[in-house]
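Reader: I am new to this structure and would like to learn how its features are read, one at a time. Could you show me the general idea first and then the case at hand?

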Amino acid sequence: MFNTHKVEIEWGGRPLILETGKIARQADGAVMATYGETVVLATVVSAKSPKPGLDFFPLTVNYQEKTYAAGRIPGGYFKREGRPSENETLICRLIDRPIRPLFADGYKNETQVIITVMQHDMENNPDVLALVAVSAALTLSGVPFMGPIGGARVGYIGGEYVLNPHIDEMPESALDLIIAGTSDAVLMVESEAQELDEDVMLGAVMFGHQQFQPVIDAIIKLAEVAAKEPRDFQPADLSELASEMTGLIGKDVAAAYEISDKQERYKALDAAKTKVKEHFLPEGEDEPKYSSEQISTVFKTVQANVVRSGILETGKRIDGRDLSTVRPILSEVGIFPRTHGSAVFTRGETQAIVVATLGTGEDEQYVDSLTGMYKETFMLHYNFPPYSVGETGRMLSPGRREIGHGKLAWRAIHPMLPEKEEFPYTIRAVSEVTESNGSSSMATVCGTSLALMDAGVPLSKPVAGIAMGLIKEGDKFAVLSDILGDEDHLGDMDFKVAGSEGGITSLQMDIKIDGITEEIMKVALGQAKDGRLHILGEMANAITEGREELGEFAPRIEVMNIPTDKIRDVIGAGGKIIREIVEKTGAKINIDDDGTVKIASSSAKEIEAAKQWIHTIVAEPEVGVIYEGTVVKVADFGAFVNFFGPRDGLVHISQLAQERVGKTSDVVKEGQKVFVKLMGFDERGKVRLSMKVVDQETGEEIAPEKREDA
C-alpha cells in the first residue's frame with residue numbers, strides 16, 4: 001500500500017531519521033523527520049503554473065507547534081491552537097531565509113511550505129529539525145530548488161563547540177547559533193552570544209557548516225530513491241529586453257544613483273520607470289512584446305547592475321561614501337522626561353525613537369511554549385510605520401518583519417542585562433522607527449541600549465549594531481559597512497553584527513546568492529568590529545552607563561527574602577493579609593515560590609511601611625527588645641497588647657506601672673498606643689510583656705537604678 005523510503009544516520013549522538021512515502025502523499029513533497037524522539041512533518045506544494053501579475057516569487061512558510069506534541073491541551077476558552085506565537089513566527093522566518101534564494105530565477109509559481117511539530121521529547125528543539133525536513137521535502141518535490149541545504153545548532157560550552165546541544169544544556173552555553181547552508185557555502189546564520197570575539201564566532205559558523213554535511217548527504221541519498229521528476233521549467237530569456245532597457249535608461253539610472261538624498265534619488269528613478277513604460281508599454285497597444293511583470297523584473301536587474309558595477313569599479317557607493325565609512329550619527333537621551341527612559345538614535349536617514357518602561361512582577365509576560373509556561377522579564381517591541389519610508393499603508397498588528405527585527409535586537413541586548421537579583425524590574429523597550437534607509441533593526445539596538453541606560457538599567461556594557469553588505473561578481477567582491485536600503489535590496493548579503501566593546505552578542509546573516517566563503521565572512525566580521533566600535537564611541541557622547549538614580553516617575557522596587565514556610569502567613573487565607581497590606585500601604589507586592597518578596601512603589605515611605613509589616617509577620621519577636629503596640633483587650637488581671645504583627649502578649653497588672661495598680665482600666669484603655677518590653681515566655685509559651693520598665697513618653701528603657709521598685 002505504501003511505497004515508503006527511509007534514511008537514518010547518527011548525528012550529534014542521536015539518530016536522525018528522514019522518511020517519505022507514507023504520510024501526506026498528495027503533497028508535492030512530504031518528509032517525516034525524527035531526531036531523538038522529536039518528530040516534525042514537512043510538506044511542500046507548488047502550483048503547476050505561475051500566478052499572473054506577479055513580479056516576485058510567492059513563497060509562504062508556515063511552521064506550527066501543536067500542543068499535543070508535548071502531551072498538553074491548549075489554554076483558553078476554545079481549547080485549540082490560535083494565531084501563530086512569536087516563536088512560531090520566528091521559526092517561519094528562520095526557514096524561509098535560507099531556502100528562498102535557492103529557487104530558480106524566474107520561478108513564480110505559488111509555493112507553500114507547512115511544517116507541523118508532531119511530537120516533542122523536551123530534549124531536542126524542533127527548529128533545526130524543521131529546517132532539515134523542509135530541505136528534504138523540497139529536494140524530493142521536483143520543484144526547481146537548487147538544494148539540498150543542511151542546518152545545525154551550535155553551542156559553546158566550556159570553551160568547546162557543541163553540536164545540537166540539548167535544551168537543558170543551553171543555559172550553560174555562551175552561544176546559541178543556528179546555521180544553514182549548502183555543501184559549499186553558508187546561507188543563513190542566527191545567533192545570540194555572550195560577548196564572544198570574532199574568531200570564536202567565525203569558528204562556530206565553520207564548525208556548524210562542517211557538522212551538517214552528513215545531513216545533506218542523507219537527503220541526497222533519500223532523493224536518489226524517492227525524488228519526483230524535475231519540473232520542466234525554463235525561465236524566460238530576457239537578455240534582449242535587458243540590453244535594450246540598459247541602452248534606454250542606463251545613464252538615467254546611473255545619474256539617479258549619484259544623488260545622495262533618498263527621496264530625490266527615488267524621484268529620478270521614478271522618472272526612469274516612466275520612460276521605460278512609455279517605451280515598452282505604449283498606450284493603445286493591445287499586445288506588447290513584454291509583459292509589465294517582465295519589464296518590472298528587468299528594471300530591477302538594470303538597477304542592480306548599475307549600482308553593483310559602480311561599487312566594484314570605483315569603491316564609491318550611492319551616497320559617495322567609501323566601503324567602510326559609517327554615516328553621521330546623532331545620539332540623544334532623555335527626550336521624554338515623564339517616561340522612565342527615552343532615546344533617539346539617528347544614523348544617516350535611519351532613525352529610531354526608543355522608550356523604556358520599568359515594571360514590577362505583575363508586568364512579566366507569561367509565555368506558553370511546548371516545553372511549558374515561563375515568565376519573560378525583558379520585552380523589546382519594534383514598530384515600522386509606513387511614514388518611515390515616506391509611504392502610505394495600512395496599520396496592522398505586528399507582522400513577521402516586525403517580530404523578527406524585534407527579536408534580533410532583543411538577542412543583542414539580552415546578554416548585557418543585569419541579573420534579576422541585581423535589578424528586579426520587568427523591562428519593556430519599544431522602538432518606533434521614524435525614518436528608514438538601511439538597517440532600522442541595528443538602529444533599534446543602539447537606541448534601546450541608550451534608552452535603557454537613561455532609565456537607570458545597569459547594562460554590563462553599551463551595545464551597538466551595524467549592518468554589512470556584499471557585492472560579489474565572480475572572484476571580485478566588496479564588503480560594505482552600514483548599508484543603505486538600496487544596497488540591501490540590490491546587494492548579495494545582509495550581515496548584521498551587534499555587540500559591546502568586549503565582543504559579539506548577536507549575529508544574523510542572510511545571503512541572496514549561492515553562499516559566501518570563510519574569507520568573505522572574516523573580512524565582514526573585521527570590518528563590522530571597526531564600525532561597531534565607532535558607533536559605540538558616537539553613542540558615548542549621549543550616555544556611557546546606566547544612571548545611578550531611576551527617573552522621577554519610575555517605580556522603586558525593594559527585595560526581601562522570607563522563609564518559604566512563612567509565605568502562607570504573609571498571603572493569608574484567600575489572600576486576605578496581602579490585600580490588606582497593599583490597600584493600607586499603597587505598595588505593590590509580588591511573592592515568588594522561593595520566598596523572594598518584591599515591594600514596589602514610587603514612594604519610599606510606602607515601601608518601608610509594607611516591608612515592616614511583612615517583617616513583623618515572618619520574623620520572631622526578640623526577648624529584651626522594646627516594641628510599640630496597641631492595647632486590644634483590658635482584663636482584671638492585665639492588658640493584652642498587639643505588639644508584633646499579629647502577635648499579642650499579656651502585660652500583667654503588676655507590670656503596667658511602677659506604682660501599684662488597683663484596676664487595669666486606671667492605666668490603659670483599648671486602642672491605646674503603648675511601649676512594651678518583651679520579658680520572655682512562660683512555661684506554656686505565652687508572651688510576657690512589661691510597660692513599667694519603659695518610659696511611655698520616649699519609648700526608652702528606664703535604667704534599673706531609676707525604677708521605683710529598684
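Author: Let us begin with a pair of helices: H5 and H6 are roughly antiparallel to each other, a label given because their angle is over 145 degrees, whereas under 35 counts as roughly parallel, 65 to 115 as roughly perpendicular and the rest as oblique. Helices (H or I, at least four residues) and strands (E, at least two) are DSSP runs, numbered from the N terminus. This is a predicted model, in which local features need pLDDT of at least 70 and side-chain atom pairs count only at pLDDT 80 or more, while totals for chains, interfaces and linings use all residues. Residues are numbered from 1 along each chain as its sequence is written, and side-chain values use heavy atoms, with hydrogens and water left out.

Reader: At what angle do H5 and H6 pack, and how far apart are their axes?

Author: Two packed helices are described by the angle between their axes and the distance between the axes. Here helix H5 (residues 239–256) and helix H6 (residues 262–280) pack at about 155°, with axes 9 Å apart; axes are lines fitted to C-alpha atoms, for helices over the stretch in contact, and angles run from 0 to 180 degrees between N-to-C directions.

Reader: Which residues of H5 and H6 meet?

Author: Contact means heavy atoms within 4.5 Å. On the H5 side the meeting residues include Leu-241, Met-245, Leu-248 and Ile-249, and on the H6 side they include Ala-268, Leu-269, Ala-272 and Val-276. By class, this contact of H5 with H6 has eleven nonpolar, one polar and four charged residues, where Ala, Val, Leu, Ile, Met, Phe, Trp, Tyr, Cys and Pro count as nonpolar, Asp, Glu, Lys and Arg as charged, and the others, Gly among them, as polar.

Reader: Are H1 and H8 roughly parallel to each other or roughly perpendicular?

Author: Helix H1 (residues 86–99) and helix H8 (residues 400–413) pack at an angle of about 95°, their axes being 9 Å apart, and they are therefore roughly perpendicular to each other. Glu-86, Thr-89, Leu-90, Cys-92 and Arg-93 in H1 meet residues of H8, among them Arg-400, Arg-401 and Ile-403. In that contact of H1 with H8, the classes are three nonpolar, three polar and five charged residues.

Reader: Turning to strands, in what order do the eight strands of the open sheet lie?

Author: Strands of a sheet pair through backbone hydrogen bonds, either parallel or antiparallel. In this open sheet the order is E8-E7-E9-E10-E21-E20-E18-E19, and the pairing is antiparallel; two strands pair if DSSP finds at least two bridges between them. Strand E8 (160–163) and E19 stand at the edges, each with a single partner strand, so one side of each is left without a neighbour in the sheet. Neighbouring strands of this sheet are turned by 20° against each other on average, direction ignored. Helix H1 packs on the sheet, touching E9, E10 and strand E21 (503–511), and its direction makes about 130° with that of E10.

Reader: How many bridges join E9 to E7, and how many pair E9 with E10?

Author: Six bridges join strand E7 (residues 150–157) to E9, and the two run antiparallel; in E9, Ala-180 is the bridge partner of Gly-151. E9 and strand E10 (residues 186–196) pair in the antiparallel sense over seven bridges, and a hairpin joins E9 to E10 through four residues. Strand E9 (residues 175–181) is mostly covered, as six of its seven residues are buried, where buried means under 20% relative accessible area, exposed over 50% and partly exposed in between (1.4 Å probe, protein chains only).

Reader: Is Ser-481 buried or exposed?

Author: Ser-481, found in strand E19 (residues 476–481), is buried, with a relative accessible area of 0%. Leaving aside its neighbours within four places in sequence, Ser-481 is in contact with residues including Arg-317, Leu-323, Ile-466 and Gln-527. By contrast, Ile-571 in helix H12 (residues 567–571) counts as partly exposed at 32% relative accessibility.

Reader: Which strands close into a barrel?

Author: Five strands close into a barrel in the order E25-E26-E27-E29-E28, with mixed pairing. Neighbouring strands there are turned by 50° against each other on average, direction ignored. One of the pairs is strand E27 (residues 647–652) with strand E29 (residues 687–690), which run parallel and are joined by two bridges; the bridge partner of Val-651 in E29 is Leu-689.
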